[in-house]
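The stops below each begin with something to select.

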Amino acid sequence: MSAAEFSPPYLSPNAIDTALRERGVGLLSGEDSAAWIGVPLADLRALEPHWDRLAPDAYLKDGGRYRQRRHSCFVVDGERVALEPHRAHWQPVEYNALHGGMQRWFEPMEAAMANAPAWSLLLRRLAAAASALRGEQPWYVEAHPFRIDTTDGIGRPTPEGAHRDGVDLVAVFLVRRHAIKGGESRVFEANGPSGQRFTLRDPWSLLLLDDQRVIHESTPIQPDPADGHGWRDTLVVTLRAGGFQGD
């Protein structure tokens, strides 16, 4: 870790619900994230090869080639996790000024990932956190495995800038980092002056956000060493009450 980096203020798993309710943000290390979900960390790490088979993002309005991703939708209702028919990802321009207002059809998650027992447990745990925050109800879930790389010399995890997603709960897992610098996470109060910044490095560490209270972004990445090729793999899962955006 460089001297300029800020360490993530990790919490214990039993403090997450309170942190989300009181501050709108909570952080878990990789080991604690796995314990919170109820799976061995090795089971989460077994999903990592799926990031090596993501598809290029053809919708980047800045003309970049630095983002690969997939996208699938689920409904979680208590213990029931249902994969929904494949659909476009859509956001209003109020939440994504760069890419909002258009239907973006990404390749779906690979079936082996969507059907993995660890995946269902992960979604159920996130839904339980959303219910603790908003009340028990079905949750409309969009899952986005991302890879941001340095193909263009610089990769932008959030080209739209600091933003909300228009949902209730946002989960950002740092899956892997390879040969990069940058990629700092920044979280700000949506209606206040407070903010925090930190760099996630621990595989499967987790940033949880109450999307109605905070905005977030990640800073660009660059190769390290400068003549190398690096990437940052993340999993972003959003949970929304009442239906999917665009319905």
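Between which two strands does the loop that holds Ala179 lie? Select Ala179: the loop runs between β7 and β8 (180-182). Ala179 has a positive phi of about 55°, although it is not a glycine. With a relative accessible area of 27%, Ala179 is partly exposed. Bear in mind throughout that this is a predicted model.

**The whole chain**

Zoom out and colour by secondary structure. The protein has 5 helices and 14 strands. Its radius of gyration is 17 Å, close to the 18 Å that the globule rule gives for 247 residues, so the protein is as compact as a globular protein of that length. The C-alpha trace spans about 50 × 40 × 35 Å along its principal axes. Of the 247 residues, 52% count as buried. Take the contacts between residues at least 6 apart in sequence: 78% of them join residues at least 24 apart.

**Helix α1**

Select residues 16-23, which form helix α1. Its buried residues are Ile16, Ala19 and Leu20. Seen down the axis of α1, these buried residues fall within an arc of 95°, so they line one face of the helix. An α-helix has 3.6 residues a turn, so residues three or four places apart point the same way. To see what covers the buried residues of α1, show β1 (25-28), α2 (30-37), α5 (117-134), β7 (169-178) and β11 (205-210), which are among the covering elements. Gly24 follows α1 and has a positive phi, near 80°.

**Helix α2**

Move on to α2. Gly30, Ser33, Ala34, Trp36 and Ile37 are its buried residues. Looking down the axis of α2, you will find them within an arc of 160°, so they line one face of the helix. The buried residues of α2 pack against α1, β1, α3 (41-45), α5, β7 and β11. Just after α2 comes Gly38, with a positive phi of about 95°.

Select Phe173, in strand β7. Is Phe173 buried or exposed? At 0% relative accessibility, Phe173 counts as buried. Beyond its neighbours within four places in sequence, its contacts include Ser33 and Ile37, along with Leu122, Leu126, Trp204 and Asp233. Pro203 is 30 residues away from Phe173 in sequence, with the two C-alpha atoms 8.1 Å apart in space.

From that contact list, pick Trp204. Trp204 sits in the loop between β10 (195-198) and β11. Its phi is near 70°, a positive value in a residue other than glycine. Trp204 is buried, with a relative accessible area of 0%.

**Two last stops**

Select Ser120 in helix α5. Ser120 is buried, with a relative accessible area of 18%; the cut-off for buried is under 20%. Phe74 is 46 residues from Ser120 in sequence, and their C-alpha atoms are 10.0 Å apart.

Finish at Pro225, in the loop between β13 (221-223) and β14 (231-240). The peptide bond from Asp224 to Pro225 is cis, with omega near 15°.

Methods. Residues numbered from 1 in each chain as written. Predicted model: local features only at pLDDT ≥ 70, side-chain atom pairs only at ≥ 80, totals over all residues. Heavy atoms only, no water. Helix = DSSP H or I, 4+ residues; strand = E, 2+ residues; numbered from the N terminus. Rg over C-alpha atoms; globule rule 2.2 N^0.38 Å. Buried < 20%, exposed > 50% of the residue type's maximum accessible area, 1.4 Å probe, protein only. Contact = heavy atoms within 4.5 Å. Arc of directions from axis to C-beta.
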